[in-house]
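Reader: I have a model open and some questions about how it is put together. Can we go through it piece by piece?

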Amino acid sequence: MAKELQFVDTTLRDGTQSLWAAESRTGMVEAVAEDLDRSGFQVVEVPLMPYNFKKIIRELKEDPWLLAEIVGEKMQHAKKAFMGEPGLVLFELLETPPSVSKLFYDLLIERGAINRVQTMANIFGDLKTDFPWFMPYLRSKGMEIAHAIAYSISPRHTDEYFVKKTKEVVKNEPDIIYFKDAAGLLTVERLRTLLPLIMENANGIPVEFHTHCTTGLADELYVEAMKMGVRTLHTGIPPLANGSGQPSVFTTVANAHYFNLEHDLDLERIKRISDRLMNIAKQENLPIGEPLEYDYSQYIHQVPGGVISNLRHQLQSLNLQNRVDEVIEESIRVRKELGYPVMITPYSQFMVTQAAINIATGERYKVVIDKLIQLAAGVYSEDSGYLMMDQNLRDKFLSLPRAKELRYEPVEDVPIKKLKEQFGGPSLSDEEFMLRYIMKGTNDIEEMRKAGAHKKYFSASTPLVELLDRFSKQSDITHVQVQGLQGSLLLTNN
């Protein structure tokens, strides 16, 4: 029988997105997957969103379908979750026919790579449009469905707003509701007033809690959530905990002890995972999450840590790394003018991208990204905040020549067979079609395949193989003795 306190592990998905600019390598996942699956987590997030596909192919030069197969083969106990939406690609909500979204999910489900889908219920406001086909589809595939209600601070994000949103979510009958504080903006005082309202209006649906350590208050928030009756918390494993990621599972468990809340976690196994990830971080020169001091600026700009992580990465590639603070300051003005969208994917990216363009060009809104034009037209419904958008700015966006070229209604469904004709013909495999669809062509895919096999890291199941491989390459070492409890083994390098 499962213990009272449950955990959703965010290490490989939200952890890498928050701290490593979504650099979740195939070999890294492979090195910890089996142990992570057997550590007692109720749910493990996996890095298989279309966003991850782009990163894996374009930057890491690896095959995401291989990663999906590894996840399916090595993780057969815990539920495997990822962030999913009807539009498949969050930045291209209108461009994805339902047939393509369904095929993408089908391919992951067939590999056993996912069995829980986490959706953002107050991001696109598509509960009344796309969700009527999306929810039945997920249920037909046996998916657990978790609707997230994203926290935000603005004149329109009142108690009444969150009560109304919770009631809308309940009508969809998800299996789980989770309160998601993506930017780490909650205070204990605000949690005490808001979380009970969500739980009271959840109509018996279990409520999970998810926050980030960005302001240094996350551990205290988890303690308060446990006091209020939340029994599933989202945590990470160091080095992919703390910083701008989730609280460490070790700290959360230690605090839970004082409430006599029992859990099913194998902390020794999790410690081994942590050690393995720490070695990878040092080997690849990746950041190590550390507890942060209280940061009041986060309440001013509200940019999630994962977005800042990616922003620094992108500005560095443009040799603009010294202008991060200017971009963040500009994003505050942009958000206010656009009606206070929730600062979470994809809106936070919209705000920061437009802010970066404003700073880089030296003129505000000289160049306007397509997504803001669509936002001004009401594509993303009232949850985007467009009804509070500065009217002069809205008129300017909608008068741009580009505004006449953009789509404002979802594309009609198109059979996969017909779509394949645009990407290589009817003989194209479903997997290859999806890669070409997501990457908008074959160039990145060809470069990925030229790079060869993915890099391997030390894993729990391959220590001896790793030792033998390294030993054989060291000509100056003549022998190695391995001592065990039952005897010893002498290896000679001839």
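Reader: Start with strand 4. Which of its residues are on one side and which on the other, and are they buried or exposed?
Author: Arg 116, Gln 118 and Met 120 are on one side, Val 117 and Thr 119 on the other, and all are buried. Buried means under 20% relative accessible area, exposed over 50%, and partly exposed in between, with a 1.4 Å probe and protein chains only. Strand 4 covers residues 116–120. Helices (H or I, at least four residues) and strands (E, at least two) are DSSP runs, numbered from the N terminus.

Reader: Before I go on, what kind of model is this?
Author: This is a predicted model: local features need pLDDT of at least 70, side-chain atom pairs count only at pLDDT 80 or more, and totals for chains, interfaces and linings use all residues. Residues are numbered from 1 along each chain as its sequence is written, and side-chain values use heavy atoms, with hydrogens and water left out.

Reader: OK. Which strands pair with strand 4?
Author: Strand 3 (residues 79–83) pairs with strand 4 in the parallel sense over three bridges, and strand 5 (residues 144–150) pairs with strand 4, also in the parallel sense, over five bridges. Two strands count as paired if DSSP finds at least two bridges between them.

Reader: Which residues stand opposite each other there?
Author: Ala 81 is opposite Arg 116 in strand 4. Met 120 is opposite Ala 148 in strand 5.

Reader: Arg 116 is a buried arginine. What does its side chain meet?
Author: The side chain of Arg 116 meets that of Glu 144 in a salt bridge, 3.0 Å from N to O. A salt bridge here is a side-chain nitrogen of Lys or Arg within 4 Å of a carboxyl oxygen of Asp or Glu. Arg 116 lies in strand 4 and Glu 144 in strand 5, so the pair ties together parts that are 28 residues apart in sequence. Glu 144 is buried, as is Arg 116.

Reader: How many salt bridges by that rule?
Author: The count comes to 35. Salt bridges with shared partners join Arg 13, Asp 14, Glu 45 and Lys 180 into one network. Within it, Arg 13 and Asp 14 meet at 3.4 Å, N to O. Arg 13 is buried at 4% relative accessible area, and Asp 14 is buried at 4% as well.

Reader: Which pair links distant parts of the chain?
Author: Asp 35 and Arg 269 form a salt bridge at 2.6 Å, N to O. Asp 35 is in helix 2 (residues 26–37) and Arg 269 in helix 11, 234 residues apart. Asp 35 is buried, with a relative accessible area of 6%.

Reader: Switching to the nonpolar core. Which residues touch the most other members?
Author: In the largest core, of 110 residues, they are Leu 48, Phe 82, Leu 108, Phe 209, Phe 433 and Met 434. A nonpolar core is a set of buried Ala, Val, Leu, Ile, Met, Phe, Trp, Tyr and Cys residues joined through side-chain atoms within 4.5 Å. Helix 5 (residues 98–110) gives the largest share of this core, seven residues. A second, separate core has 33 residues, including Leu 315, Val 324, Val 334 and Ile 373.

Reader: What does Phe 82 touch?
Author: Not counting residues up to four places away in sequence, Phe 82 touches, among others, Leu 48, Phe 104, Leu 108, Arg 116 and Val 117. Contact means heavy atoms within 4.5 Å.

Reader: And helix 9, how many of its residues are buried?
Author: Seven of the ten residues of helix 9 (residues 218–227) are buried, so it is largely enclosed by the rest of the structure. Those buried residues pack against strand 6 (176–181), helix 8 (188–200), strand 7 (207–211), strand 8 (232–235) and helix 10 (249–256). Gly 229 follows helix 9, and its phi is positive, near 105°.

Reader: Last one: how many helices and strands are in the chain?
Author: The chain has 21 helices and ten strands. Of its 494 residues, 58% count as buried.
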